[in-house]
Amino acid sequence: MNPFQKNDSKETLFLPVSTEEVPPRPHSFPKQSSPKICGSNYPLSIVFIVVNEFCERFSYYGMRAVLTLYFLYFLHWSENTSTSVYHAFSSLCYFTPILGAAIADSWLGKFKTIIYLSLVYVLGHVIKSMGALPILGGQMLHTVLSMVGLSLIALGTGGIKPCVAAFGGDQFEEKHTEERTRFFSVFYLSINAGSLISTFVTPMLRGDVQCFGKDCYALAFGVPGLLMLIALVVFAMGSKLYRKPPPEGNILNQVVKCIWFAISSRFKNHSGDSPKREHWLDWAAEKYPKQLIMDVKALTRVLFLYIPLPMFWALLDQQGSRWTLQATRMNGNLGFFVLQPDQMQVLNPFLVLIFIPLFDLVIYRLVSKCGINFTSLRKMAVGMILACLAFAVAAAVEIKINEMAPHQPDSQEIFLQVLNLADDEVKVTVLGDENNTLLAESVKSFQNMPHYSKLHLKTKSQNFHFLLKYHNVSVYTEHSVEEKIWYTLIIREDGESISSVMVKDEENKTTNGMIAMRFVNTLHEEVNVSLGTDASLIVGEDYGVSAYRTVQRGEYPAVHCRTQNEDFSLNLGLLDFGAIYLFVITNRTNQGPQAWKMEYIPANKMSIAWQLPQYALVTAGEVMFSVTGLEFSYSQAPSSMKSVLQAAWLLTVAVGNIIVLIVAQFSGLVQWAEFILFSCLLLVVCLIFSIMGYYYVPLKPRDVQGSTDKQTPKIQGNMINLETKKTRL
């Protein structure tokens with residue numbers, strides 16, 4: 001997260017500049033005072049704005065928390081495609097604020113922009129929720145609805161991003177600056193609350209509630225949509241109480257035009273006939289005022305330092321994509337609580353609230369007492385290094401997960417295990433094309449095999465011959481297999497003899513920490529198994545083998561089953577994260593049908609708690625990098641350019657997400673190697689940034705203020721003219 005991802009209660013607050021900093025602007029505010037809260041100097045209208053912001057952030061981060069798993073397990077996209085689309089959406093959310101600011105500043109004003117784009121926002125949530133309904137069309141329709149919904153959500157959340165905070169600041173009279181500062185503290189606290197709660201609750205709605213026999217993504221998207229509708233209604237309810245400044249023009253537009261005119265003039269006069277200019281921006285002096293050109297010069301000095309910043313965001317924003325995918329291969333049982341993979345993201349806003357006062361009140365002060373000059377640029381460089389370390393830890397965790405996971409069959413290989421459901425021991429021999437023995441083992445009745453056996457093929461598919469010895473009977477049988485697949489040879493009684501059937505097993509890959517299971521029915525009638533979902537699992541009679549079904553982790557002491565003649569319950573015991581089970585329904589005792597349990601693939605062994613160090617490191621890096629970066633850059637540019645800096649900062653976040661998209665699609669690396677790649681890239685960028693910072697000569701505050709005092713700009717952007725404050729938590 002970052003300070004413009006509105007759920008960050010950082011020590012950087014973006015407040016409208018006071019009259020001591022910027023010449024007063026003409027407003028159409030009502031002359032009478034707005035109603036106050038309980039006789040204080042706080043306008044009653046800010047209550048509606050704070051509630052609106054809480055609901056909107058709940059809506060956005062709640063929806064985004066489950067987005068990667070929705071792509072992976074509902075739309076059945078690959079991990080790389082899911083990651084790419086997730087970051088493409090995040091990137092779009094940071095490009096659209098420029099459009100929202102332009103609309104508010106040049107056309108509609110902040111109030112109408114928030115209202116109209118919130119309607120677009122709500123519509124996007126409705127369409128996105130419809131795209132998560134399994135009964136509504138097929139995968140193509142779901143994909144189209146999802147993409148349309150996400151596009152509208154990106155336009156809505158990005159469009160209102162630069163407007164809401166500034167609109168809240170507009171509600172205060174200029175003499176109430178202290179109250180306005182406290183309002184922003186509450187404002188950003190509500191943002192963190194919305195993010196924290198939604199990131200924890202929405203994955204529970206997805207995983208703990210079943211609809212249409214699967215995870216309820218429609219509910220997980222629908223509840224955030226409802227919160228956005230509430231946000232819109234609450235905001236509209238305060239309409240008569242708001243102070244609504246008219247559109248005043250966009251300073252960002254003026255800056256872009258000034259730079260473009262300077263560049264074009266420079267190339268038009270490359271012949272040397274015109275006198276030389278000290279700075280390339282001086283070529284704009286023919287059309288633009290000197291003060292604007294001076295401010296743009298100061299701005300470009302800071303923007304030059306922004307060039308390396310996108311790589312930091314490329315790492316930070318992978319918490320919702322690659323790190324969530326990593327969590328699906330870990331065990332979420334913490335003993336006192338069971339975490340869903342996508343709930344780990346809640347650590348970021350939680351740690352942000354802890355680390356900001358910790359760094360500000362303890363760590364920075366201790367460093368200062370040690371006589372170390374811990375400048376803003378040095379803090380940012382240390383933040384980058386911490387993010388590098390976080391991804392190095394993530395790579396180590398990934399390597400350990402891979403070591404614990406079962407190996408996968410390679411080309412021209414299969415994995416085979418034997419399940420003996422006969423009443424006595426069976427000797428199994430696998431013969432090659434030349435009757436050479438490839439595998440020989442004795443399997444007892446209902447023996448739980450400890451592992452699969454690896455068999456090599458001569459081609460991609462091959463027929464294997466099996467010799468089965470049971471009592472005094474020898475049975476020859478033949479089965480066809482294909483490479484890279486897991487198989488189970490099921491042996492069953494067939495009168496006085498035996499027979500066998502070869503079935504494909506589920507790959508070593510279950511959905512978001514869930515459990516896959518299948519049933520073999522030895523009864524002479526069909527069994528209907530109810531697993532607590534809308535759809536029952538039907539298992540055919542006489543050694544029928546069911547399809548796989550995924551369920552949540554937990555205890556299953558009494559699973560209801562039904563045949564044509566009777567109802568009974570099966571005790572399946574504990575089904576743990578990521579495991580794959582086979583249950584054989586038998587009736588070999590006088591106690592009625594029972595389930596014999598076999599674990600194909602063991603449960604995830606590595607605890608999800610091992611992700612805590614990487615989350616702590618990256619959040620500490622975020623606090624040092626993000627908060628300090630804005631504090632420094634705002635102190636180095638004139639007040640009139642601060643809205644442009646906000647736009648540039650948001651663009652660095654957008655570009656960072658595009659970097660992840662490109663690497664995910666084209667790197668072709670295994671996951672741990674990709675983590676190392678990002679860590680090394682950021683380390684190189686940190687070195688470059690440190691060199692740039694070493695040669696950077698900071699402007700003194702009085703120099704920036706002196707420039708501000710001289711200016712009388714015609715246009716003041718509404719992306720928010722900002723100053724740096726510290727959050728009071």
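Predicted model: local features only at pLDDT ≥ 70, side-chain atom pairs only at ≥ 80, totals over all residues.
Biologist: How do you know that the length of helix α5 agrees with its number of residues?

Modeller: Helices are DSSP runs of H or I with at least four residues, strands are runs of E with at least two, and both are numbered from the N terminus. The expected span is 1.5 Å times one less than the number of residues. Helix α5 covers residues 139-170, 32 residues, so it should span 46 Å. Its end C-alpha atoms are 46 Å apart, which agrees.

Biologist: Where does α5 bend, and which proline follows?

Modeller: The bend at a residue is the angle between axes fitted to the seven residues ending there and the seven starting there. For α5 that angle is about 40° at Lys161. Pro162 follows within four residues.

Biologist: Why is α5 called largely enclosed?

Modeller: Buried means under 20% relative accessible area, exposed over 50%, and partly exposed in between, with a 1.4 Å probe and protein chains only. In α5, 23 of the 32 residues are buried, so the rest of the structure largely encloses this helix.

Biologist: What span should α3 have, and where does α3 bend?

Modeller: The 30 residues of α3 should span 44 Å, and its end C-alpha atoms are 41 Å apart, which agrees. The bend of α3 is about 25°, at Phe95, and Pro97 follows within four residues. Just after α3, Gly109 takes a positive phi of about 85°.

Biologist: Why is His76 called exposed?

Modeller: Its relative accessible area is 56%, so His76 is exposed. His76 lies in the loop between α2 (67-74) and α3 (79-108). Its phi is positive, about 60°, although His76 is not a glycine.

Biologist: Why is Asp542 called partly exposed?

Modeller: Its relative accessible area is 34%, so Asp542 is partly exposed. The residue sits in the loop between β13 (537-539) and β14 (544-545). Phi of Asp542 is near 55°, a positive value in a residue other than glycine.

Biologist: What is the strand order in the open sheet of four strands?

Modeller: Two strands pair if DSSP finds at least two bridges between them. The order is β6-β3-β9-β10, with mixed pairing.

Biologist: What makes β6 and β10 edge strands?

Modeller: β6 (453-456) and β10 (497-504) each have a single partner strand, so one side of each is left without a neighbour in the sheet.

Biologist: How do you know that β3 pairs with β6?

Modeller: Four bridges join β3 (residues 413-420) to β6, and the two run antiparallel. Leu416 stands opposite Ser453 in β6.

Biologist: What makes Cys211 and Cys216 a disulfide?

Modeller: A disulfide is a pair of cysteine sulfur atoms within 2.5 Å. The sulfurs of Cys211 and Cys216 are 2.2 Å apart, and a disulfide joins them. By this rule the count comes to one disulfide. The torsion about its S-S bond is about 115°, so the disulfide is right-handed. Both Cys211 and Cys216 are buried.

Biologist: Why is the pair of Trp323 and Tyr615 called edge-to-face?

Modeller: The centres are 5.1 Å apart and the planes stand at 75°, which makes the pair edge-to-face. This pair links distant parts of the chain: Trp323 in helix α11 (residues 322-327) and Tyr615 in helix α14 (residues 612-635), 292 residues apart. Both Trp323 and Tyr615 are buried.

Note on methods. Residues numbered from 1 in each chain as written. Heavy atoms only, no water. Phe/Tyr/Trp six-rings, centres within 6.5 Å; stacked < 30°, edge-to-face > 60°.
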